[in-house]
Amino acid sequence: MSLPLLAAAESGYTAPNQDIFWQPLIGSGAFAITRPAIVFALSAVLIIWLLLAGTKRLAVVPGKKQMAMEAVYGFVRNTIGRDIIGSKEFRKFVPLLFTFFTVILVNNLFGVIPPIQYPTMGRIAFPLALTIMLYLTYHYVGIKKKGFAGYFAGVVPHGLPKPIVPLVFLLEVLSIVVIQPVTITLRLFGNMFAGHLILVLFITGAEHMLLHGGFGLKLLSVPTIGMAFALTLFELFVEFLQAYVYTMLAATFIASALADEH
């Protein structure tokens, strides 16, 4: 047995693992109602309530709620949608981009908000479901605009030497069909999974050292708690950043599908 495992066995502390992300509440197996499903449903209710509350009494001089909603909407609409997709095409995609940003942001923030403290995007099914919506959208709009043959022919830049055109075509098709959806899904999932696992490790480890450890471990628990607090603040930044990055990449994929060459 390795030293870390031996120490854990002697102290009675069990380090967190991937099992903390699978917490069935009702039933079992593939059709169980799990904690992340409940949290995701809660996020949908919360977002709808915030939007209704923020837009219930629209005024020329906005109140605090309306101002907050307009700030978030304006950020997604202008900074992401218009600047990336372009002023001609972006408007019809703003609802989708706004949905991506708000759903991901709220569910990410749930990872550090008591008593929920669970990032649903740490379960790969949730970012995968969002990516399937995005995947169908950008391929649909691209094929609708250019036709099936024109859409895939446009992946090859003009001016390439003819001998390498087939290779570039295969690589580009592989990129838009497989690599793009896989990487955008894994980026969001991986960051939320790893961040939550590290937070749980520091928090539960500090608690165990403080309550069950000897004098030395009790002293060591103090900087561990401080590190857990610092990591929580960093995780807040990462949670916002991942919502922004996912939405920005979604807009980039849509813009690429609509471009003459992509």
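Guide: Let's start at I85, which, leaving aside its neighbours within four places in sequence, is in contact with I80, F90, F93, L97, A251, I254, A255 and L258. Contact here means heavy atoms within 4.5 Å. Before going on, a word on the background: this is a predicted model, in which local features need pLDDT of at least 70 and side-chain atom pairs count only at pLDDT 80 or more, while totals for chains, interfaces and linings use all residues. Residues are numbered from 1 along each chain as its sequence is written, and side-chain values use heavy atoms, with hydrogens and water left out.

Buried means under 20% relative accessible area, exposed means over 50%, and partly exposed lies in between (1.4 Å probe, protein chains only). Helices (H or I, at least four residues) and strands (E, at least two) are DSSP runs, numbered from the N terminus. In soluble globular proteins, nonpolar side chains tend to be buried together.

Now let's turn to charged residues. The structure holds three salt bridges, each a side-chain nitrogen of Lys or Arg within 4 Å of a carboxyl oxygen of Asp or Glu. E89 pairs with K92, their closest N and O atoms being 3.6 Å apart. K92 counts as exposed because its relative accessibility is 59%. E89 also meets K145 in a salt bridge (3.8 Å, N to O). That pair links distant parts of the chain, 56 residues apart: K145 is in helix α5 (residues 125-146), and E89 is in the loop between α3 (64-85) and α4 (94-109). With a relative accessible area of 45%, K145 is partly exposed. Shared partners join E89, K92 and K145 into one network of salt bridges.

A further salt bridge joins D83 and R82, with 4.0 Å between the closest N and O atoms. D83 has 54% relative accessibility, so D83 counts as exposed, whereas R82, at 36%, counts as partly exposed.
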